[in-house]
Amino acid sequence: KFDGATDIDSSPRDMLIAAEPNTQNELITIIHESMHASEWNKQEKIINRTSKDIGRLLWRLGYRK
């Protein structure tokens with residue numbers, strides 16, 4: 001399932017967020033792609049785990065777009 005992408009070669013970095021708007025998945029995708037933009041050399045496994053943890057925490061705290 002495609003939710004987003006980051007072009008690490010562009011300056012500033014371009015991100016595409018394709019996740020359903022105003023959902024927890026969109027929040028996680030935004031965090032995930034932001035992490036790729038700033039930490040492009042990190043392993044996908046680390047990016048996935050960290051973005052899900054942060055996104056779920058923020059969602060529970062009431063953060064919404």
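## Aspartate 3 and its surroundings

The side chains of aspartate 3 and asparagine 25 are joined by a polar contact of 3.3 Å. The model in which this pair occurs is predicted. Aspartate 3 lies in the segment that precedes β1 (4-7).

The relative accessibility of aspartate 3 is 17%, and because buried means under 20%, aspartate 3 counts as buried. Leaving aside residues up to four places away in sequence, aspartate 3 touches Leu16, Ile17, Ala18 and Ala19, together with Asn25 and Thr29.

## Fold and dimensions

Two strands and two helices make up the secondary structure elements of the protein chain, and their order along the sequence is β-β-α-α. The radius of gyration of the protein chain is 12 Å, close to the 11 Å that the globule rule gives for 65 residues, so the chain is as compact as a globular protein of that length.

Taken along the principal axes, the box filled by the C-alpha atoms is roughly 35 × 20 × 20 Å. Among contacts in the protein chain with a separation of 6 or more, 40% are between residues 24 or more positions apart.

Of the 65 residues in the protein chain, 28% are buried.

Note on methods: Residues are numbered from 1 along each chain as its sequence is written. This is a predicted model: local features need pLDDT of at least 70, side-chain atom pairs count only at pLDDT 80 or more; totals for chains, interfaces and linings use all residues. Side-chain values use heavy atoms; hydrogens and water are left out. Helices (H or I, at least four residues) and strands (E, at least two) are DSSP runs, numbered from the N terminus. The radius of gyration is taken over C-alpha atoms; the globule rule is 2.2 Å times the number of residues to the power 0.38. Buried means under 20% relative accessible area, exposed over 50%, partly exposed in between (1.4 Å probe, protein chains only). Contact means heavy atoms within 4.5 Å. A polar contact is a pair of N or O atoms within 3.5 Å; within protein, one must be able to donate a hydrogen and the other to accept it, and residues adjacent in sequence count only if both atoms are side-chain atoms.
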